[in-house]
Amino acid sequence: MYWMPLVIGEMLGPDIPNKEILSIALTAVPFVCSAMVQFGTSWHSHRRNERRLHLVAFWAFGTVCLVLMPVPMMKASAAGAFLLLVLAVVGTFGVEGISVSYYLALMGGEKTLGIAIINALGALGGFIGPYVIGALNQATGTFYSAMWLLAGCLAVAAAAAAATTEEWAAMFSLKSGQDKEHR
């Protein structure tokens, strides 16, 4: 998300005074909204005793918002683009706690391996992501293709969450003392 002030600055347009300061201040809004939504989604998920569909629904919603975000940017509608950005961040990070707990619950005894994989992939994405976003922005002159790439990655995550059922994950469990029929 290191690139978010640049996207917001592009949304605001060239004629805004103190655009850099305003875009940095507006960067907090999507994350504050996402943090507030996390409480509601965690409560609802716990109450329904269901995680996977919450993940899939939010990530699919975030994907749609990222795909649509360039449309108001093309029409020079800063408010519409910013609203879609806020909704995309909420759709992506509004279920962060649920996502970690879901995958760790599926893994059974392999929690340390799961935590290591999640952290390694997160660190890799945090390192490579800004370079890819910057390269796409320089190549095209806009953030449109970068938003579409992020939407594609989020769609893959949603599809993986939809496909990963407890029965499927149990087949790969490494719990000692279990034969193949009880994995």
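Reader: Which are the buried residues of helix α1 (residues 4–12)?

Author: They are Met4, Val7, Ile8, Gly9 and Met11. "Buried" means under 20% relative accessible area, exposed over 50%, and partly exposed in between (1.4 Å probe, protein chains only). A helix here is a DSSP run of H or I with at least four residues, numbered from the N terminus. Do keep in mind that this is a predicted model, where local features need pLDDT of at least 70, side-chain atom pairs count only at pLDDT 80 or more, and totals for chains, interfaces and linings use all residues. Residues are numbered from 1 along each chain as its sequence is written, and side-chain values use heavy atoms, with hydrogens and water left out.

Reader: What do the buried residues of α1 pack against?

Author: Their partners are α2 (19–26), α3 (28–48), α5 (70–74), α6 (78–93) and α9. After α1 comes glycine 13, with a positive phi near 90°.

Reader: Why is valine 132 called partly exposed?

Author: This valine, found in helix α8, has a relative accessible area of 30%. That value lies between the 20% and 50% limits, so valine 132 counts as partly exposed.

Reader: What makes α8 oblique to α9?

Author: The axes of α8 and helix α9 (residues 144–163) come within 8 Å and cross at roughly 140°. Axes are lines fitted to C-alpha atoms, for helices over the stretch in contact, with angles from 0 to 180 degrees between N-to-C directions. Under 35 degrees is roughly parallel, over 145 roughly antiparallel, 65 to 115 roughly perpendicular, and the rest oblique. Roughly 140° falls in the rest, so α8 is oblique to α9.

Reader: Which residues make the contact?

Author: Val132, Ile133, Leu136 and Thr140 of α8 meet Ser145, Ala146, Leu149 and Leu150 of α9, contact being heavy atoms within 4.5 Å.

Notes
Helix = DSSP H or I, 4+ residues; strand = E, 2+ residues; numbered from the N terminus.
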